Amino acid sequence: MAEPNNADIKKLTFERAIEELETIVKRLEEGKVPLEESVAIYERGEQLKRRCEELLRQAEARVEKITLDSSGKPAGTEPLDVN
Amino acid sequence: MPTLLISHPASLAHNNGPGHPERPDRLRAIESVLEAEKFQTLVRVQPPAADIEAITLCHPRDYVEEVKEAAPKEGMVQLDADTSMSPGSWEAALRAVGGAMMAVDEVVTKKASNAFVAHRPPGHHAESVRPMGFCIFNQAAIAARHAQRKHGLHRVAVVDFDVHHGNGTQEIFWSDPTLMYCSTHQMPLYPGTGALSERGDHDNIVNAPLRPGDGGAQFKEALESRILPRLQAFGPELIIMSAGFDAHQRDPLANLQFVEDDFAWATRKIMEVADKTAEGRVVSVLEGGYDLQGLSLSAAAHVIALMRG
């Protein structure tokens, strides 16, 4: 069950967040959301989208670091702290 | 000729239950701001209840009878996830339809220059056989067909600036080349319809969806570039506004950023088209708007524009 203030979203994995976002988009497009809840569900969808984007940016930063460090010698595997 | 303000106390007896955003205080807030001195020249009238025959212009008789039978003598009956009936709802619904029809009669026969119908429940989500989204009967659509049947008008348009798409009006008008439906609304949002690609069987549906966060600038662009040219080309002999004020920045049920002046601007632009094609004939029926301050001040700005103030 979602927490009312959407605080749970910050703890979601990418897979869980994208899965819930897809469900929300489908429900909004099919008109299966009551009018009164529509805006709250849309706003949760926006936060899920931001969570997915944040996780993607972190993943890209890690990949980028390995690429940039591979100058002849194998790069370290230490993850880049993007926070 | 005066601007009419059509309302009836029966609207206040329609109750969706405690905590529901579509509540009687919405109308009390509008009535309160319209008591100011600058609104003294409004002619205030109460509408009769519509008869069932009139409602069948847009809803099958079976549907109307089902709604009538669902109306409770006490307590509440839920018609859909958002829409309920209380003991006062049946009369409120009939007076709301009666008000929209009266507005058409008075404006088309030149007894009034235009009219604002301040009623509940709203109507634009009500499809031909389905109540939804706080709506039971589709007042705007019935008023359009009433103008055709009783007064012989050929082409009537509804312009809907409520923040939600008027799926009901779109559904009722879809296959009728004599009726045009134009809408600006937030997408994505309830009820999920209103994409640009939804154009009706005769290119008679014009949807101009706005993105969450959009404000007056995007609204004006959508109206000026997409809706008004199509509206004028259609040549309506009467324009009915589905006047919802929930695109206001204060509204809790959506994410658009309109201010009062945006509604006044849109009202004037739609009236300009009516002046060119419809001898100025405009009828405005209340739809949504759920922040009492945003709703009442926006409705006031809308009415001032109707009064050419």
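Trainee: What makes β9(B), α8(B) and β10(B) a right-handed β-α-β unit?

Mentor: A crossover is called right-handed if, with the strands pointing away from the viewer, the path from the first strand over the helix to the second runs clockwise, and β9(B), α8(B) and β10(B) make a unit of that hand. Helices (H or I, at least four residues) and strands (E, at least two) are DSSP runs, numbered from the N terminus. This is a predicted model, in which local features need pLDDT of at least 70 and side-chain atom pairs count only at pLDDT 80 or more, while totals for chains, interfaces and linings use all residues. Residues are numbered from 1 along each chain as its sequence is written, and chains are lettered from A in the order in which they are written.

Trainee: How do you know that β9(B) is joined to β10(B)?

Mentor: Two strands pair if DSSP finds at least two bridges between them, and 5 bridges join β9(B) to β10(B), which run parallel.

Trainee: Why is strand β9 of chain B called largely enclosed by the rest of the structure?

Mentor: A residue is buried if 20 or more other C-beta atoms, placed from the backbone, lie within 10 Å of its own, exposed if 12 or fewer, and partly exposed in between. In β9 (residues 238-243) of chain B, 6 of the 6 residues are buried, so the strand is largely enclosed by the rest of the structure. B:L238, B:I240 and B:S242 point one way and B:I239, B:M241 and B:A243 the other way, and all are buried.

Trainee: Why is B:F134 called buried, and why does B:E279 count as partly exposed?

Mentor: B:F134 has 28 other C-beta atoms within 10 Å, and is therefore buried, whereas B:E279, with 13 C-beta neighbours inside 10 Å, counts as partly exposed. B:F134 is in the loop between β5 and α5 of chain B, and B:E279 lies in the loop between α8 (260-277) and β10 (282-286) of that chain.

Trainee: What makes the phi of B:F134 and that of B:E279 worth a remark?

Mentor: Most residues other than glycine have a negative phi. Phi of B:F134 is near 75 degrees, a positive value, and phi of B:E279 is near 50 degrees, also positive.
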